[in-house]
Amino acid sequence: MTTTASPDILVHTEAGVRTITLNRVDKKNSITQAMYSRMAEALTSAATDEAVRVVVLQGDATVFSAGNDIGDFLARQGGQGLPEQSPVFQFLHALADFPKPLIAAVAGPAVGIGTTMLLHCDLVYAGDNAAFSMPFVNLGLCPEAASSLLLPRLMGYQRAAEALLLGEPFMAEAALEAGLVNRVVPPTEVNGVAQAQAAKLAAKPLSALMATKRLMKAGQRAEIKAQMAEEGQSFSRMLTEPAAREAFTAFMEKRKPDFSQC
């Protein structure tokens, strides 16, 4: 058993299962650049660590993640575009490239990347209080994590368009019906359910698990990489444009943004 910790991300490995816990509940598990780096490193090392057979991503029973910490995000990128090697992109590529089973346990709000990261997980379990949203357009931005490719394939174009263009939340039962999650349970049970499923997988032959995952994803791997790159270029450019500046300023000033000139 190994446990490593930073204040906002906990990494615990036991019996073949590595658990990565978002642990910034007082800030609704909003993700800083340092947290992205920590999660990317935990995934990258797990990919080659023989002691790790399965990874679980989890939050708290009240919140999975509010997405990017906007204050930290603005301070780090300083009004410029987002570099290709920034921590958030490192994390997204670590997710997309992860070769072993990856499980998510989601309760409460899952905003922005809190939802799009789930598209790269093999199993997703949700609390009945889970609320998924991708409000990129509302921030003057575009989707990331290849969600503009994967979400229409998963949900169908119209439902994906509603989720991405309006950016409004949809609840756990809708996510279950759309195929985004495998099961809905009470929020206090979701982490336990994910851990139980992880234990089942950890007892299976890793070579067979990895081969099966590789074969299921092989046909779309190149498309995902290409879509991530195109999204990343657009996202980085749009960060510097008037709509995003107005959205972020309005957020920090706690007012409604005015996009009439954007």
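Student: Why are Glu-41 and Arg-38 separated by about one helical turn?

Tutor: The reason is that Glu-41 and Arg-38 lie three residues apart in helix α1. Helices (H or I, at least four residues) and strands (E, at least two) are DSSP runs, numbered from the N terminus. This is a predicted model, in which local features need pLDDT of at least 70 and side-chain atom pairs count only at pLDDT 80 or more, while totals for chains, interfaces and linings use all residues. Residues are numbered from 1 along each chain as its sequence is written, and side-chain values use heavy atoms, with hydrogens and water left out.

Student: What do Glu-41 and Arg-38 form?

Tutor: They form a salt bridge, with the closest N and O atoms 2.8 Å apart. The term requires a side-chain nitrogen of Lys or Arg within 4 Å of a carboxyl oxygen of Asp or Glu. Glu-41 is partly exposed, at 41% relative accessibility. Here buried means under 20% relative accessible area, exposed over 50%, and partly exposed in between (1.4 Å probe, protein chains only).

Student: How many salt bridges does the structure hold?

Tutor: There are 10 salt bridges in the structure. One of them joins the side chains of Asp-49 and Arg-18, at 3.6 Å from N to O. This pair links distant parts of the chain, 31 residues apart: Asp-49 belongs to the loop between α1 (33-48) and β4 (54-58), and Arg-18 to strand β3 (residues 17-22). Asp-49 is partly exposed, with a relative accessible area of 27%, whereas Arg-18 is buried at 8%.

Student: Which residues are linked with Glu-246 in a network of salt bridges?

Tutor: Glu-253 and Arg-255 are linked with Glu-246 in that network. The side chains of Glu-246 and Arg-255 meet at 2.7 Å, N to O. Glu-246 is buried, with a relative accessible area of 16%, and Arg-255 is partly exposed, with 35%.

Student: Where is Lys-213 placed, and is it buried or exposed?

Tutor: Lys-213 is in helix α9 (residues 206-239). With a relative accessible area of 5%, Lys-213 is buried. Its side chain reaches the backbone oxygen of Lys-100 at 2.7 Å. Leaving aside neighbours within four places in sequence, Lys-213 is in contact (heavy atoms within 4.5 Å) with Phe-98, Pro-99, Lys-100, Leu-102 and Asp-122.

Student: At what angle do the axes of α1 and helix α3 cross?

Tutor: They cross at roughly 25° and come within 8 Å, helix α3 being residues 87-97. Axes are lines fitted to C-alpha atoms, for helices over the stretch in contact, with angles from 0 to 180 degrees between N-to-C directions. Angles under 35 degrees count as roughly parallel, over 145 as roughly antiparallel, 65 to 115 as roughly perpendicular and the rest as oblique. The helices α1 and α3 are therefore roughly parallel to each other. Residues making the contact include Tyr-36, Ala-40 and Leu-43 of α1, and Val-88, Phe-91 and Leu-95 of α3.

Terms used. A polar contact is a pair of N or O atoms within 3.5 Å; within protein, one must be able to donate a hydrogen and the other to accept it, and residues adjacent in sequence count only if both atoms are side-chain atoms.
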